Amino acid sequence: MNGWSGSWGSGYGQEQGAAGGYQHKWKKKEGTQEMRSQYTFSGNVAHDDKWGTSYGEKENYLPNTAATRSTNETYHRSHDLNPTLNADMRWATDSLNTFTLRASVEHKKKRSHSRQTEEQESQQFSEGYMPTLSQIVSSRQEGHTTKLSTMAMWEHYIKDGGLSGSVSLDYSEGKTNRWTDRIVTSHMASLASSQLSQSSTSPNSALSTEGQLLFSNWLTKKWLVKAQYIFMYDRNSNDCDFLTDGVADAANSYHDRSTNHSHSLRVGSTFNLAPVQIMPNVTAKWLRESRDYQRGVLDTTAVRRRILIQPDIRATWKLSKTVGFELNYGFSTSQPGILQTLGYRDLTDPLFITEGNPGLKDTHNHNIKLSYNMVLARSQTSLSASIEYKANDRDRVTALSYNPTTAIYVSRPENARGSRTWEFRLDMDQALGELLRLENEFRLNAGQHYGYLTLLPTQTERTLNRQNNLHPKDRLTLSLDLDWLKASAFAKIEADRLRFSSSPEQNTTLWNNDFGINAEATVGKFVFETDITEITRRGYPAQSMNRNMLLWNAGVTWKILKNKARLKLEFEDILNKQDDFWSERSAYQHSTSWQDFRHHYVNLSFTYHLDAKKKD
């Protein structure tokens with residue numbers, strides 16, 4: 001049984017759990033072939049109690065250099081109970097056929113509550129930011145979900161290829177109850193303060209099934225053909241009975257039924273024309289999607305039928321055993337969800353309304369990449385480089401509208417001009433004698449992305465904003481490898497130059513640099529580890545992000561019980577400097593978020609390895 005758990009960035013909490021499993025393996029021989037089979041039963045149950053506080057700050061760009069800003073603080077706590085049962089079997093009946101069966105059942109019960117405090121401000125040219133309103137949102141929810149999953153697969157081996165088939169079935173159902181209280185305090189004469197109580201009951205269910213057939217065969221020594229057929233069927237039901245101040249709220253109650261099924265055929269070949277290998281593929285996909293959606297005065301049934309053709313090709317050229325080129329090209333189409341194309345309005349949050357866009361169109365994506373790899377055995381040098389270009393003809397972006405009188409935002413998806421990005425990569429790995437090793441990773445990204453500035457009531461058209469970015473990054477590592485000591489020193493320099501066509505006041509260059517050392521020393525039965533990293537950040541609007549951090553971790557492992565057990569003591573973030581800031585800039589918005597989390601602690605663990613013993 002293997003697993004891992006981590007606490008970085010997940011707030012605080014405690015967990016109690018138990019797990020157990022039984023596995024039986026057997027094998028038999030058929031000529032020189034050895035066939036292995038097994039079956040497994042396992043189960044586990046876990047109870048999680050988590051809590052923490054998260055923070056956020058958003059700045060939405062307005063035309064003529066103005067902006068709005070909102071900050072929020074959210075305390076959240078949750079309790080989860082999650083039992084699971086699993087069973088699977090792999091049975092090799094003979095040297096040509098293998099069967100696999102899997103089944104699982106999972107039940108999750110969750111209870112949570114949160115309290116969010118939000119402050120909104122509007123930028124005034126002469127006075128800077130001025131407060132517009134404050135909002136306190138208290139909410140709690142209770143719910144459960146039960147999920148059943150099954151899968152069966154057959155694999156058949158033939159002399160020059162293979163044939164396989166599989167089918168899977170998943171079913172889930174659940175229900176969630178929510179209660180929300182909103183208190184809005186206005187700082188503007190045009191907007192009155194208010195208090196709102198909301199509640200909802202949301203039952204849901206989902207059924208999905210998938211079937212696959214895969215065939216491959218070498219028709220000649222130089223020609224491989226492959227074919228894959230996939231059938232998918234999904235049916236989803238989501239309802240919401242919404243009440244506002246104890247009265248049925250038809251505008252926010254909805255009944256949503258969707259059914260999707262598709263047939264996909266992927267055909268490909270491999271041509272070995274030494275030293276060139278060419279692998280063309282094409283996927284043809286037929287989709288039928290239907291949606292029955294009722295919300296307020298909206299009562300619509302939408303049906304969409306599409307045929308999508310998505311080709312791709314890969315070609316390699318080996319100049320020698322250690323030098324070669326690779327070329328990849330792919331084309332794909334991304335569709336908006338049907339709900340995004342319906343004219344609905346979600347008024348659940350009266351200060352941030354979301355709506356659909358019936359005029360939303362597909363996005364077509366092109367991706368081409370050329371790679372070069374070289375290995376020089378005599379000088380123990382490895383070198384690889386690549387250049388990649390991506391182009392989208394119509395990006396889907398979030399478009400915001402804002403009314404300064406009511407302080408209400410409206411969000412809807414829109415198509416904007418397509419983005420263009422380039423990436424150049426160069427990696428080098430060089431041995432410096434028997435003990436030292438030099439590695440360098442270089443990346444250079446450049447691109448153009450588009451978005452719309454927030455629309456004001458005084459405007460008739462949205463303002464298109466172009467974001468140009470240039471993003472170089474280089475990491476240099478020098479490492480030492482002795483029998484008892486492994487150590488390395490590294491330096492990472494990373495910059496992100498951002499320039500905006502319609503909001504030049506947002507132009508900036510972000511710096512994220514790391515410098516540090518890592519070391520591991522083995523002395524007898526003890527292993528000592530440490531890593532020290534200096535992190536520097538500059539150029540962020542949130543001044544608390546523009547700081548230096550010295551992070552230090554250390555640990556010691558004691559090998560005991562004839563080297564089968566490990567007793568390990570770890571010290572994480574000894575200087576208590578780690579933070580969890582995250583920032584993103586788009587053509588219409590800058591957002592920053594962070595949260596408190598467990599990063600400064602001591603961990604003690606014991607591990608024992610059980611050896612399998614063969615019976616006489």
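This is a predicted model: local features need pLDDT of at least 70, side-chain atom pairs count only at pLDDT 80 or more; totals for chains, interfaces and linings use all residues.
Residues are numbered from 1 along each chain as its sequence is written, and side-chain values use heavy atoms, with hydrogens and water left out.

Now show S14 and S15 (residues 352-355), which pair antiparallel over 2 bridges. Strands here are DSSP runs of E, at least two residues, numbered from the N terminus; two strands pair if DSSP finds at least two bridges between them.

Next stop: Thr 176, in strand S6 (residues 161-186). Is Thr 176 buried or exposed? Its relative accessible area is 16%, so Thr 176 is buried (under 20%; exposed is over 50%, partly exposed in between, with a 1.4 Å probe and protein chains only). Beyond neighbours within four places in sequence, Thr 176 is in contact with Gln 141, Glu 142, Gly 143, Ser 200, Thr 201 and Ser 202 (contact means heavy atoms within 4.5 Å).

Finally, jump to S24 (residues 508-523) and S25 (residues 526-538), antiparallel and joined by 13 bridges. Pick Glu 520 and you'll see its bridge partner in S25, Glu 529. The two strands make a hairpin with 2 residues between them, and Gly 524 in the turn has a positive phi of about 65°. On from there, S25 runs antiparallel to S26 (residues 548-560), with 11 bridges joining them; check Thr 536, opposite Asn 548 in S26.

Technical notes. Helices (H or I, at least four residues) and strands (E, at least two) are DSSP runs, numbered from the N terminus.
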